Amino acid sequence: MLDSLQSLSDAIAAAVARAAPSVVTVRSHRALSSGFAWRPGVIVTADEALAEEGEIAVVAQDGAVAPATLVGRDPSTDVALVRVAREDLPAVALDAPAPAVGALALTLGASDGAPVAALGCVAHVGPAWRSLRGGEIAARIELAAGLRGASEGGLALDASGRALGMAVFGPRRRTLVIPAATVERVAAHLLRHGRVARGYLGLKLQPARLDGDGGIGAMVMGVEAGGPGALAGLHQGDVIAAWDGQPFDGVAAILRDLGPESVGRRVTLAVRRGGGATECVLVIGERPAG
């Protein structure tokens, strides 16, 4: 029994040692997180843990500090990309198969470049889902494994040391994994384009009760001049009762529907205005940078 435990311990320590040279500390304005080498000189980290502005630096396992520049970030999937003049950092192979519930798993971050690991198991595996900000996540993977604040943006590993994806904080500080497939897709897009397009309505909306049927609609509280809503003929005070033929399911549901694939899509809105009903056809725009 003791020999088996020692063998397991040695195997886990070896898995951490193999992956650790790829994991770095990411310093930004009043924020510390982790990241990992995705391509030579390109680091993936968690968007949520990266400061909105200010200088960025990366600390590698050898303790060397190198300045970094932001390549792009996608809040909807929590993936951010920075570039650093360290092409010697070994790139992580995001090639682990889908994990099984109950399988051992590790989180691996860095503190001043030194590895910080925690052992746990896969608590939940679910299908693809959409984040509250509208990002498409390939699978829902939750870990029963500790994650220190500065380790967010580091790696989630299976028991053999293969990378499941990026470890981040979810609701109630649960440890979630942004799966390898999502990281690869979003990071490649950021490297090419610097940003991920998001749908844009040019409207300020507020939930409102619909007269008569007691359903939920969205009252237009503001219309941006020249925006998609204005071009569709919407006015302040209008109440949107249906979205593309479907009962309105709340403002948050519309925002989740404004992913990259929504840009350019035409939607028909059932609108209540001044006691009457009308329809507006809105072409979803691309949210301006910044």
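Which residues does Ala167 touch, not counting residues up to four places away in sequence? They are Thr107, Leu147, Ser151, Glu152, Gly153, Gly154, Leu155, Ala156 and Leu176, where contact means heavy atoms within 4.5 Å. This is a predicted model, in which local features need pLDDT of at least 70 and side-chain atom pairs count only at pLDDT 80 or more, whereas totals for chains, interfaces and linings use all residues. Residues are numbered from 1 along each chain as its sequence is written, and side-chain values use heavy atoms, with hydrogens and water left out.

Ala167 is found in strand S13, which covers residues 163–169. Helices (H or I, at least four residues) and strands (E, at least two) are DSSP runs, numbered from the N terminus. The relative accessible area of Ala167 is 0%, so this residue is buried; the term buried stands for under 20% relative accessible area, exposed for over 50%, and partly exposed for values in between (1.4 Å probe, protein chains only). Between Ala167 and Asp74 there are 16 Å in space, C-alpha to C-alpha, and 93 residues in sequence.

The chain as a whole has 4 helices and 22 strands. Its C-alpha trace spans about 75 × 45 × 30 Å along the principal axes. Of the 290 residues in the chain, 49% are buried. Among contacts with a separation of 6 or more, 57% are between residues 24 or more positions apart. The chain exposes about 13,900 Å², and carbon and sulfur atoms supply 54% of that area. Accessible areas come from the Shrake-Rupley method with a 1.4 Å probe, and for residues only the protein chains shown count as cover.

With a relative accessible area of 1%, Thr182 is buried. The side chain of Thr182 reaches the backbone nitrogen of Ala138 at 2.9 Å. A polar contact is a pair of N or O atoms within 3.5 Å; within protein, one must be able to donate a hydrogen and the other to accept it, and residues adjacent in sequence count only if both atoms are side-chain atoms. Leaving aside neighbours within four places in sequence, Thr182 is in contact with Thr77, Glu136, Ile137 and Ala138.

The charged side chains form another theme. There are 27 positive and 29 negative side chains, and the centres of the two sets lie 3 Å apart. Lys and Arg count as positive and Asp and Glu as negative, while His and the chain ends are not counted. The place of a charge is taken as NZ of Lys, CZ of Arg, CG of Asp or CD of Glu. Side chains of opposite charge can pair when their charged atoms come close. A search of the whole structure finds 11 salt bridges, each being a side-chain nitrogen of Lys or Arg within 4 Å of a carboxyl oxygen of Asp or Glu.

One of these salt bridges joins the side chains of Asp112 and Arg27 at 3.2 Å, N to O. Asp112 lies in the loop between strand S7 (104–111) and strand S8 (114–126) and Arg27 in strand S1 (residues 23–28), so the pair ties together parts that are 85 residues apart in sequence. Arg27 is partly exposed, at a relative accessible area of 32%.

Asp47 and Arg73 also meet in a salt bridge, at 2.4 Å, N to O. This pair links distant parts of the chain, 26 residues apart: Asp47 is in the loop between strand S3 (42–46) and strand S4 (56–59), and Arg73 is in strand S5 (residues 65–74). Asp47 counts as buried at 5% relative accessibility, and Arg73 is buried with a relative accessible area of 16%.

Arg195 forms a salt bridge with Glu286, the closest N and O atoms being 2.6 Å apart. Here the distant parts are 91 residues apart, with Arg195 in the loop between H2 and strand S15 (199–200) and Glu286 in strand S22 (residues 285–286). Arg195 counts as partly exposed at 26% relative accessibility, and Glu286 is partly exposed at 42%. Elsewhere, Asp62, Arg86 and Asp88 are linked in a network of salt bridges.

Most residues other than glycine have a negative phi, and most peptide bonds are trans. Asp78 has a positive phi, near 65 degrees; this residue is found in the loop between S5 and strand S6 (79–84) and is buried, with a relative accessible area of 9%. Phi of Asp112 is likewise positive, near 50 degrees.
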